[in-house]
Amino acid sequence: MGWKQLAVAGVGVALALGMTACSNSNSGTPTNTTSTPGAVNWAKDVGVVLSDPSQPRWTMAEAQFKAAMPGVQIMFSNNDTSVEKTNVESFIAAGVKVIIYNSIDGAAAAAATDEAAKAGIKVIAYDRLIMNTKNVSDYVTFDSVQVGEAQGKYLADQAKANGGKGLNLYLFAGDVGDNNAFLFFEGAWKELQPLIADGTFNVVNAPQATQLKDTATLTRDQESSIMQPITTLWKPDTAKTLAEGALAGATTAQKGTVYVLAPNDQTSQAITDTFRADKAVTTIYSTGQDLALQSVQYIMDGKQSMTVFKDDKYLVQECVSLVGSLVNGTAPDPTIITTSYNNGAADIPASAAQITVVTKDNVQQVATDSGMYTITNGVVSQKS
Ligand code: BGC
(Lines give C-alpha, C1' and ligand atoms only; values in the text may rest on other atoms or scores of the structure.)
Protein backbone atom coordinates (compact mmCIF):
# COMPACT_ATOMS: atom_id res chain seq x y z
CA MET A 1 0.00 0.00 0.00
CA GLY A 2 1.07 3.58 -0.47
CA TRP A 3 2.52 5.30 2.54
CA LYS A 4 0.58 8.42 1.74
CA GLN A 5 -2.52 6.68 2.97
CA LEU A 6 -0.97 6.74 6.42
CA ALA A 7 0.13 10.31 6.29
CA VAL A 8 -2.64 11.62 8.49
CA ALA A 9 -2.22 8.99 11.14
CA GLY A 10 -0.52 9.70 14.37
CA VAL A 11 -0.60 9.21 18.06
CA GLY A 12 -2.98 11.33 19.99
CA VAL A 13 -2.20 10.87 23.61
CA ALA A 14 -5.11 12.10 25.65
CA LEU A 15 -5.95 12.05 29.28
CA ALA A 16 -8.00 9.17 30.58
CA LEU A 17 -10.82 11.59 31.18
CA GLY A 18 -10.84 12.71 27.56
CA MET A 19 -10.87 9.08 26.48
CA THR A 20 -13.85 8.24 28.59
CA ALA A 21 -15.68 11.09 26.96
CA CYS A 22 -14.94 9.88 23.45
CA SER A 23 -15.47 6.18 24.01
CA ASN A 24 -18.18 5.94 26.60
CA SER A 25 -21.72 6.90 25.75
CA ASN A 26 -22.82 6.29 29.37
CA SER A 27 -20.11 8.47 30.82
CA GLY A 28 -20.43 9.28 34.48
CA THR A 29 -20.51 5.80 35.99
CA PRO A 30 -17.89 3.81 34.14
CA THR A 31 -16.71 1.68 37.04
CA ASN A 32 -20.19 0.39 37.85
CA THR A 33 -21.03 -0.46 34.29
CA THR A 34 -18.00 -2.59 33.49
CA SER A 35 -19.30 -5.84 32.08
CA THR A 36 -19.12 -9.42 33.25
CA PRO A 37 -17.03 -11.36 30.77
CA GLY A 38 -18.81 -14.54 31.91
CA ALA A 39 -21.75 -13.50 29.76
CA VAL A 40 -19.75 -14.07 26.60
CA ASN A 41 -19.90 -17.31 24.63
CA TRP A 42 -16.35 -17.27 23.29
CA ALA A 43 -16.95 -19.90 20.61
CA LYS A 44 -20.02 -18.19 19.21
CA ASP A 45 -19.65 -14.49 19.90
CA VAL A 46 -16.04 -13.80 19.02
CA GLY A 47 -13.78 -14.24 16.00
CA VAL A 48 -10.05 -13.60 16.13
CA VAL A 49 -8.16 -12.77 12.93
CA LEU A 50 -4.36 -12.93 13.21
CA SER A 51 -2.00 -11.70 10.50
CA ASP A 52 0.94 -14.01 10.07
CA PRO A 53 1.67 -17.43 11.60
CA SER A 54 5.31 -17.24 10.43
CA GLN A 55 5.95 -14.44 12.93
CA PRO A 56 6.40 -15.80 16.48
CA ARG A 57 4.60 -12.79 17.89
CA TRP A 58 1.27 -13.96 16.48
CA THR A 59 1.57 -17.61 17.48
CA MET A 60 2.32 -16.34 21.00
CA ALA A 61 -0.89 -14.31 20.79
CA GLU A 62 -2.80 -17.35 19.54
CA ALA A 63 -1.72 -19.34 22.60
CA GLN A 64 -2.91 -16.57 24.92
CA PHE A 65 -6.29 -16.33 23.15
CA LYS A 66 -6.81 -20.09 23.46
CA ALA A 67 -5.99 -19.96 27.16
CA ALA A 68 -8.17 -16.94 27.99
CA MET A 69 -11.15 -17.48 25.70
CA PRO A 70 -12.03 -21.17 25.71
CA GLY A 71 -13.28 -22.37 22.32
CA VAL A 72 -12.66 -19.06 20.56
CA GLN A 73 -12.28 -19.31 16.78
CA ILE A 74 -8.96 -18.03 15.46
CA MET A 75 -8.12 -17.59 11.78
CA PHE A 76 -4.67 -16.79 10.43
CA SER A 77 -4.41 -14.66 7.29
CA ASN A 78 -1.01 -15.99 6.19
CA ASN A 79 0.21 -12.44 5.64
CA ASP A 80 -2.12 -12.18 2.63
CA THR A 81 -4.66 -9.35 2.63
CA SER A 82 -7.14 -11.26 0.45
CA VAL A 83 -7.11 -14.21 2.88
CA GLU A 84 -7.59 -11.70 5.68
CA LYS A 85 -10.66 -10.22 3.99
CA THR A 86 -12.13 -13.70 3.51
CA ASN A 87 -11.48 -14.50 7.17
CA VAL A 88 -13.30 -11.39 8.34
CA GLU A 89 -16.18 -12.08 5.95
CA SER A 90 -16.54 -15.63 7.22
CA PHE A 91 -16.81 -14.34 10.78
CA ILE A 92 -19.44 -11.86 9.58
CA ALA A 93 -21.35 -14.71 7.92
CA ALA A 94 -21.08 -16.78 11.11
CA GLY A 95 -22.78 -13.97 13.03
CA VAL A 96 -20.16 -13.24 15.67
CA LYS A 97 -20.70 -10.18 17.84
CA VAL A 98 -17.09 -9.01 18.05
CA ILE A 99 -14.11 -9.42 15.73
CA ILE A 100 -10.65 -9.03 17.22
CA TYR A 101 -8.68 -7.90 14.23
CA ASN A 102 -4.89 -8.01 13.86
CA SER A 103 -4.48 -6.63 10.36
CA ILE A 104 -1.67 -6.99 7.85
CA ASP A 105 -2.10 -3.58 6.30
CA GLY A 106 -3.85 -0.97 8.42
CA ALA A 107 -5.36 0.98 5.53
CA ALA A 108 -6.46 -2.09 3.56
CA ALA A 109 -8.27 -3.42 6.65
CA ALA A 110 -10.73 -0.51 6.70
CA ALA A 111 -13.02 -2.05 4.06
CA ALA A 112 -13.57 -5.32 5.93
CA THR A 113 -13.99 -3.39 9.18
CA ASP A 114 -16.74 -1.32 7.58
CA GLU A 115 -18.43 -4.50 6.30
CA ALA A 116 -18.42 -5.87 9.85
CA ALA A 117 -19.87 -2.64 11.19
CA LYS A 118 -22.70 -2.77 8.61
CA ALA A 119 -23.58 -6.19 9.98
CA GLY A 120 -23.67 -4.76 13.52
CA ILE A 121 -20.41 -6.39 14.55
CA LYS A 122 -17.94 -4.54 16.77
CA VAL A 123 -14.27 -4.52 15.85
CA ILE A 124 -11.33 -4.39 18.26
CA ALA A 125 -7.99 -3.61 16.57
CA TYR A 126 -5.34 -5.91 17.97
CA ASP A 127 -1.78 -4.54 18.31
CA ARG A 128 -1.91 -2.85 14.89
CA LEU A 129 -4.21 0.11 14.28
CA ILE A 130 -6.83 -0.13 11.52
CA MET A 131 -6.66 3.11 9.59
CA ASN A 132 -9.14 5.56 8.08
CA THR A 133 -12.40 4.22 9.50
CA LYS A 134 -14.56 5.25 12.43
CA ASN A 135 -15.73 1.67 12.90
CA VAL A 136 -13.03 0.55 15.31
CA SER A 137 -14.50 0.31 18.82
CA ASP A 138 -11.23 -0.09 20.69
CA TYR A 139 -7.54 -0.59 20.02
CA VAL A 140 -5.52 -2.82 22.35
CA THR A 141 -1.81 -2.15 22.09
CA PHE A 142 1.51 -1.47 23.70
CA ASP A 143 3.06 1.97 23.51
CA SER A 144 4.92 1.45 20.25
CA VAL A 145 6.75 4.77 20.45
CA GLN A 146 8.10 3.59 23.79
CA VAL A 147 9.25 0.33 22.16
CA GLY A 148 11.21 2.32 19.56
CA GLU A 149 12.63 4.55 22.28
CA ALA A 150 13.90 1.50 24.15
CA GLN A 151 15.61 0.26 20.99
CA GLY A 152 17.15 3.65 20.16
CA LYS A 153 18.20 4.27 23.76
CA TYR A 154 19.97 0.94 23.93
CA LEU A 155 22.14 1.82 20.93
CA ALA A 156 22.66 5.40 22.14
CA ASP A 157 23.77 4.19 25.57
CA GLN A 158 26.30 1.76 24.08
CA ALA A 159 27.68 4.48 21.81
CA LYS A 160 28.04 6.92 24.69
CA ALA A 161 29.74 4.29 26.84
CA ASN A 162 32.18 3.39 24.05
CA GLY A 163 32.88 7.01 23.14
CA GLY A 164 34.20 8.36 19.88
CA LYS A 165 32.70 9.96 16.79
CA GLY A 166 31.47 8.65 13.47
CA LEU A 167 30.32 5.32 14.92
CA ASN A 168 28.72 3.05 12.33
CA LEU A 169 24.93 3.07 12.57
CA TYR A 170 22.78 0.86 10.35
CA LEU A 171 19.02 1.49 10.25
CA PHE A 172 16.27 -0.96 9.29
CA ALA A 173 12.51 -0.48 9.53
CA GLY A 174 9.40 -2.66 9.81
CA ASP A 175 6.66 -2.85 7.19
CA VAL A 176 5.50 0.57 6.02
CA GLY A 177 1.99 -0.88 5.64
CA ASP A 178 1.93 -1.35 9.42
CA ASN A 179 1.29 1.83 11.40
CA ASN A 180 3.37 0.38 14.24
CA ALA A 181 6.48 0.48 12.07
CA PHE A 182 6.21 4.29 11.98
CA LEU A 183 5.72 4.51 15.73
CA PHE A 184 8.74 2.29 16.42
CA PHE A 185 10.84 4.42 14.10
CA GLU A 186 9.54 7.62 15.67
CA GLY A 187 10.61 6.39 19.11
CA ALA A 188 14.03 5.24 17.93
CA TRP A 189 14.62 8.53 16.09
CA LYS A 190 13.97 10.48 19.29
CA GLU A 191 16.94 8.75 20.87
CA LEU A 192 19.25 8.43 17.88
CA GLN A 193 18.76 11.74 16.09
CA PRO A 194 20.71 13.89 18.59
CA LEU A 195 23.68 11.55 18.24
CA ILE A 196 23.45 11.56 14.46
CA ALA A 197 23.25 15.35 14.53
CA ASP A 198 26.33 15.74 16.75
CA GLY A 199 28.40 13.29 14.72
CA THR A 200 28.56 10.49 17.29
CA PHE A 201 26.82 8.23 14.76
CA ASN A 202 27.36 8.09 11.06
CA VAL A 203 24.40 6.46 9.30
CA VAL A 204 25.89 4.04 6.80
CA ASN A 205 22.90 2.69 4.88
CA ALA A 206 20.15 5.32 4.92
CA PRO A 207 21.14 8.58 3.16
CA GLN A 208 17.71 10.09 3.82
CA ALA A 209 18.38 9.79 7.57
CA THR A 210 21.66 11.65 7.17
CA GLN A 211 19.90 14.36 5.15
CA LEU A 212 17.34 14.79 7.93
CA LYS A 213 19.81 14.54 10.81
CA ASP A 214 18.99 18.00 12.15
CA THR A 215 15.23 17.39 12.22
CA ALA A 216 14.24 16.27 15.71
CA THR A 217 10.58 15.64 14.93
CA LEU A 218 9.90 14.09 11.57
CA THR A 219 6.66 14.37 9.64
CA ARG A 220 5.09 11.16 8.36
CA ASP A 221 6.36 11.97 4.90
CA GLN A 222 9.90 12.45 6.19
CA GLU A 223 9.73 9.22 8.21
CA SER A 224 8.48 7.50 5.13
CA SER A 225 11.31 8.86 2.99
CA ILE A 226 13.81 7.32 5.41
CA MET A 227 11.91 4.07 5.95
CA GLN A 228 10.93 3.15 2.38
CA PRO A 229 14.44 2.14 1.24
CA ILE A 230 15.13 0.23 4.46
CA THR A 231 11.76 -1.47 4.97
CA THR A 232 12.10 -5.15 5.83
CA LEU A 233 8.34 -5.66 5.31
CA TRP A 234 8.80 -7.64 8.55
CA LYS A 235 10.28 -10.42 6.39
CA PRO A 236 13.56 -12.07 7.39
CA ASP A 237 14.49 -12.66 3.73
CA THR A 238 14.00 -9.01 2.87
CA ALA A 239 15.96 -8.03 5.97
CA LYS A 240 18.80 -10.30 4.89
CA THR A 241 18.86 -8.83 1.37
CA LEU A 242 18.88 -5.28 2.77
CA ALA A 243 21.73 -6.16 5.16
CA GLU A 244 23.73 -7.70 2.34
CA GLY A 245 23.19 -4.58 0.25
CA ALA A 246 24.20 -2.33 3.14
CA LEU A 247 27.42 -4.25 3.69
CA ALA A 248 28.20 -4.34 -0.01
CA GLY A 249 27.98 -0.55 -0.08
CA ALA A 250 30.06 -0.05 3.07
CA THR A 251 33.80 0.61 3.33
CA THR A 252 35.96 -1.43 5.72
CA ALA A 253 35.96 1.53 8.11
CA GLN A 254 32.16 1.40 8.10
CA LYS A 255 32.29 -2.15 9.45
CA GLY A 256 34.30 -3.00 12.57
CA THR A 257 31.99 -2.14 15.46
CA VAL A 258 28.45 -1.60 14.23
CA TYR A 259 25.23 -0.40 15.83
CA VAL A 260 22.13 -1.92 14.22
CA LEU A 261 18.57 -0.71 14.64
CA ALA A 262 16.68 -3.91 13.76
CA PRO A 263 12.90 -3.53 14.12
CA ASN A 264 11.97 -6.95 15.53
CA ASP A 265 13.45 -10.28 16.51
CA GLN A 266 13.02 -12.18 13.28
CA THR A 267 14.53 -9.39 11.18
CA SER A 268 17.26 -8.91 13.80
CA GLN A 269 18.25 -12.58 13.54
CA ALA A 270 18.50 -12.31 9.75
CA ILE A 271 20.40 -9.02 9.85
CA THR A 272 22.86 -10.00 12.57
CA ASP A 273 23.53 -13.39 10.92
CA THR A 274 24.41 -11.48 7.75
CA PHE A 275 26.66 -9.01 9.57
CA ARG A 276 28.39 -11.82 11.48
CA ALA A 277 29.20 -13.55 8.21
CA ASP A 278 31.26 -10.50 7.15
CA LYS A 279 34.77 -10.87 8.56
CA ALA A 280 35.31 -7.11 8.65
CA VAL A 281 32.51 -6.78 11.21
CA THR A 282 33.94 -7.32 14.68
CA THR A 283 31.29 -6.22 17.19
CA ILE A 284 27.53 -5.88 16.68
CA TYR A 285 25.11 -4.03 18.93
CA SER A 286 21.61 -4.93 17.79
CA THR A 287 18.01 -4.44 18.79
CA GLY A 288 14.76 -6.37 18.37
CA GLN A 289 11.37 -6.93 19.92
CA ASP A 290 9.00 -9.81 20.71
CA LEU A 291 11.04 -12.19 22.89
CA ALA A 292 10.96 -14.78 20.10
CA LEU A 293 12.50 -18.10 21.08
CA GLN A 294 15.48 -17.83 18.73
CA SER A 295 16.22 -14.32 19.94
CA VAL A 296 16.15 -15.44 23.57
CA GLN A 297 18.85 -17.92 22.55
CA TYR A 298 20.72 -15.24 20.55
CA ILE A 299 20.72 -12.85 23.50
CA MET A 300 21.95 -15.59 25.84
CA ASP A 301 24.68 -16.41 23.31
CA GLY A 302 25.66 -12.77 22.75
CA LYS A 303 24.42 -12.74 19.13
CA GLN A 304 21.65 -10.18 19.68
CA SER A 305 21.96 -7.41 22.25
CA MET A 306 18.41 -6.66 23.32
CA THR A 307 14.74 -7.21 22.69
CA VAL A 308 11.49 -5.79 23.99
CA PHE A 309 8.97 -8.21 25.45
CA LYS A 310 5.37 -7.30 24.73
CA ASP A 311 3.39 -9.91 26.58
CA ASP A 312 0.24 -10.76 24.61
CA LYS A 313 -1.27 -12.01 27.85
CA TYR A 314 -1.95 -8.36 28.72
CA LEU A 315 -3.62 -7.53 25.41
CA VAL A 316 -5.72 -10.67 25.52
CA GLN A 317 -6.85 -9.92 29.07
CA GLU A 318 -7.84 -6.47 27.89
CA CYS A 319 -9.80 -8.07 25.04
CA VAL A 320 -11.62 -10.33 27.50
CA SER A 321 -12.85 -7.29 29.36
CA LEU A 322 -13.58 -5.16 26.29
CA VAL A 323 -15.50 -7.94 24.52
CA GLY A 324 -17.61 -8.26 27.66
CA SER A 325 -18.35 -4.53 27.54
CA LEU A 326 -19.16 -4.55 23.83
CA VAL A 327 -21.43 -7.61 24.03
CA ASN A 328 -23.28 -6.23 27.04
CA GLY A 329 -23.38 -2.67 25.77
CA THR A 330 -21.58 -1.28 28.80
CA ALA A 331 -18.72 1.14 29.26
CA PRO A 332 -15.16 -0.10 28.81
CA ASP A 333 -13.02 -0.42 31.90
CA PRO A 334 -11.35 3.00 32.31
CA THR A 335 -8.23 1.36 33.69
CA ILE A 336 -7.80 -0.38 30.32
CA ILE A 337 -8.76 2.43 27.97
CA THR A 338 -6.32 5.13 28.97
CA THR A 339 -5.36 6.80 25.71
CA SER A 340 -6.36 7.18 22.06
CA TYR A 341 -4.85 7.03 18.59
CA ASN A 342 -6.06 9.03 15.66
CA ASN A 343 -6.41 6.69 12.69
CA GLY A 344 -7.18 9.38 10.14
CA ALA A 345 -10.95 9.10 10.64
CA ALA A 346 -11.43 9.20 14.42
CA ASP A 347 -9.72 9.06 17.79
CA ILE A 348 -9.81 5.37 18.63
CA PRO A 349 -9.94 4.59 22.37
CA ALA A 350 -6.85 2.58 23.21
CA SER A 351 -4.91 0.77 25.88
CA ALA A 352 -1.20 1.07 26.68
CA ALA A 353 0.05 -2.24 27.98
CA GLN A 354 3.34 -2.55 29.77
CA ILE A 355 6.58 -3.46 27.95
CA THR A 356 9.76 -5.06 29.30
CA VAL A 357 13.23 -4.23 28.02
CA VAL A 358 15.33 -7.39 27.84
CA THR A 359 19.13 -7.71 27.68
CA LYS A 360 21.60 -10.45 28.53
CA ASP A 361 21.21 -9.44 32.20
CA ASN A 362 17.54 -10.36 32.53
CA VAL A 363 16.77 -12.54 29.52
CA GLN A 364 16.70 -15.85 31.36
CA GLN A 365 14.49 -14.46 34.09
CA VAL A 366 12.03 -12.77 31.72
CA ALA A 367 11.91 -15.77 29.37
CA THR A 368 11.24 -18.17 32.22
CA ASP A 369 8.71 -15.88 33.91
CA SER A 370 6.84 -15.48 30.61
CA GLY A 371 5.66 -19.06 30.99
CA MET A 372 6.50 -19.67 27.32
CA TYR A 373 10.01 -21.07 27.61
CA THR A 374 12.21 -23.40 29.59
CA ILE A 375 15.97 -23.00 29.73
CA THR A 376 18.13 -26.03 30.40
CA ASN A 377 21.93 -25.97 30.22
CA GLY A 378 21.92 -22.72 28.26
CA VAL A 379 19.40 -23.97 25.68
CA VAL A 380 15.99 -22.37 25.42
CA SER A 381 12.98 -24.40 24.31
CA GLN A 382 9.28 -23.83 23.97
CA LYS A 383 7.32 -24.97 27.00
CA SER A 384 4.85 -27.60 25.91
C1 BGC B 1 4.24 -5.97 16.01
C2 BGC B 1 5.56 -6.61 16.34
C3 BGC B 1 5.87 -7.69 15.32
C4 BGC B 1 5.72 -7.16 13.90
C5 BGC B 1 5.88 -8.25 12.86
C6 BGC B 1 4.25 -5.45 14.61
O7 BGC B 1 3.05 -4.83 14.28
O8 BGC B 1 3.93 -4.95 16.93
O9 BGC B 1 5.51 -7.16 17.64
O10 BGC B 1 7.17 -8.17 15.47
O11 BGC B 1 4.47 -6.55 13.73
O12 BGC B 1 4.88 -9.20 12.91
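**Ligand site and nonpolar cores**

A polar side-chain atom of N264 lies 2.8 Å from an oxygen atom of the ligand. The model is predicted: local features need pLDDT of at least 70, side-chain atom pairs count only at pLDDT 80 or more, and totals for chains, interfaces and linings use all residues. Residues are numbered from 1 along each chain as its sequence is written, and side-chain values use heavy atoms, without hydrogens and water.

For D178 the distance is 2.6 Å. For N180 it is 3.0 Å. Taken alone, the ligand exposes 310 Å², and the protein buries 99% of that (Shrake-Rupley method, 1.4 Å probe). The ligand is surrounded by 13 residues, each with a heavy atom within 4 Å. The closest are D127, R128, D178, D290 and K310.

The largest nonpolar core holds 63 residues. Such a core is a set of buried Ala, Val, Leu, Ile, Met, Phe, Trp, Tyr and Cys residues joined through side-chain atoms within 4.5 Å. Buried means under 20% relative accessible area (1.4 Å probe, protein chains only). F65, I100, Y126 and F201 touch the most other members. Helix α8 (residues 179-197) gives the most to this core, with 9 residues; helices are DSSP runs of H or I, at least four residues, numbered from the N terminus. Beyond its neighbours within four places in sequence, F65 is in contact (heavy atoms within 4.5 Å) with residues including V48, I100, Y126 and C319. A second, separate core has 25 residues, among them V49 and A109.

Note on methods:
Buried means under 20% relative accessible area, exposed over 50%, partly exposed in between (1.4 Å probe, protein chains only). Helices (H or I, at least four residues) and strands (E, at least two) are DSSP runs, numbered from the N terminus. A polar contact is a pair of N or O atoms within 3.5 Å; within protein, one must be able to donate a hydrogen and the other to accept it, and residues adjacent in sequence count only if both atoms are side-chain atoms.
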